[in-house]
Amino acid sequence: MAEETLVPTPLAAGATAPPFTLPGRSGNAVSLADFAGKGHVLVYFYPKDDTPGCTKEACSLRDGLSALREAGITVLGISPDDAASHEAFAAKYALPFELLTDADHAVHEAWGVWGKTPWGVGTIRKSFLVGPDGKIVHVFDKVEVDRHAAQVLEVLKPSPAAEARAAVEAAVEATGSAVGTVVAEAKKAVKGAMKSPEVKEAVAKAKKAVADVKAQPAVKKAVASAEQAVTDAKKAVADVQKKPAVRKAVADARKAVATAKKAVKDVGKKPSVKKAVAKAKKAVADVKKQPAVKRAVAEAKKVVAKAKTAAAKKPSGALAKLLALVTPKKKAAPAKKAARKAAPKAKPAPKKKAVAKPEAAPAKKAVKKAVKKVAPKKPARKKAARR
């Protein structure tokens, strides 16, 4: 059972580790006091057995346990899970260290690891390295579950990389402190300078210069004119809005809009309209469900797909040549016609003179003349018959 004398408190390096006695997975009670003067103890708190993050953390400590033991470190895991859960978890992943049950989370509270988490109120993942004297050597606020064993070893046996990182962090911290000091001194210097008679006199002169400019008649007149113009504009707008005709027009417009909205709403509420809309929707749905319509739609889609495929494929080889012969040539574009007109025309070859043509025209004329002389005139006959 957890000791009732424990009081929740945030712990830091150098503080005395709160004592505890908790039941282990084997059924035996384990106390922190059992390890006093025997080396370091890693007390790690984890939320729940056999969950992804907790499994990674436990396996990391399992894989690095030989190195931890060489460094004189004993591992104790604590969670609210019972002994049966701990035993199943340890058997599944071959965990060789002790897992303790803090069912009422009193030890969690004493070590400051019980509170609000992203998943609700529960265990806050945190580890503590306790020295042989019972004092906390290091607090692991950010546990790297994949390499927690290496994290712990770096505290007791820092690697070159860890030492370099620590040196950099120390340098950054020192630089930040120095910068803070410089900034504080600069602020103090500025504040002192502002209190000096020279600065006060300069500020007073600047204020007086501004006041003198504002006091000039031209500036005053310009400011007054601008303010009056703004006032006049506001008054003109207010006067227009107050006119009965404007008010009536605005009111009529609002009323018309409201009436139109109401009419649309009322029409939509009519049973006959609702019924008609429902019938139309049902009719459309029924038509779409008909086998013939479905087949027609499917065939149309196939035809469209085939047409698209055929359009995408360009004829080649013998087929292209055949299409070129069969397909009528397109008329030349306007640009080509213009180019042809602009190009110099070749002189036509001289035509051969026809031998019979020059004499043909006179011969025909002569024949027609002779026919006219011989043929009797029709009007003369008619006159003779009448007489």
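**The sheet, a helix residue and a pocket**

Reply: Five strands make up an open sheet of mixed pairing, in the order β5-β4-β3-β8-β9. The model is predicted, so local features need pLDDT of at least 70 and side-chain atom pairs count only at pLDDT 80 or more, while totals for chains, interfaces and linings use all residues. Residues are numbered from 1 along each chain as its sequence is written, and side-chain values use heavy atoms, with hydrogens and water left out.

Me: What makes β5 and β9 the edge strands?

Reply: β5 (98-101) and β9 (136-140) each pair on one side only. Strands are DSSP runs of E with at least two residues, helices are runs of H or I with at least four, and both are numbered from the N terminus.

Me: Which strand does β6 join, and in what sense?

Reply: Strand β6 (residues 114-117) runs antiparallel to β7, with four bridges between them. Trp-114 has Thr-123 of β7 as its bridge partner. The two strands, β6 and β7, form a hairpin with two residues between them.

Me: Why is Ser-60 called buried?

Reply: Ser-60 belongs to helix α1. Buried means under 20% relative accessible area, exposed over 50%, and partly exposed in between (1.4 Å probe, protein chains only). Ser-60 has 9% relative accessibility, and therefore counts as buried. Leaving aside residues up to four places away in sequence, Ser-60 touches Val-145, Asp-146, Arg-147, His-148 and Ala-149; contact means heavy atoms within 4.5 Å.

Me: What makes a space a pocket?

Reply: On a 1 Å grid over the protein atoms alone, a pocket is an open set of points with protein on both sides within 12 Å along at least five of seven lines, whereas a cavity is a set where a 1.4 Å probe fits but cannot get out. Lining residues have an atom within 4 Å of a point.

Me: Which residues lie nearest the centre of the second largest pocket?

Reply: Its lining has 13 residues, and Pro-47, Thr-117, Trp-119, Thr-123 and Arg-125 lie nearest the centre of the second largest pocket. The largest share of this lining, four residues, comes from β7.

Methods
Pairing = 2+ DSSP bridges.
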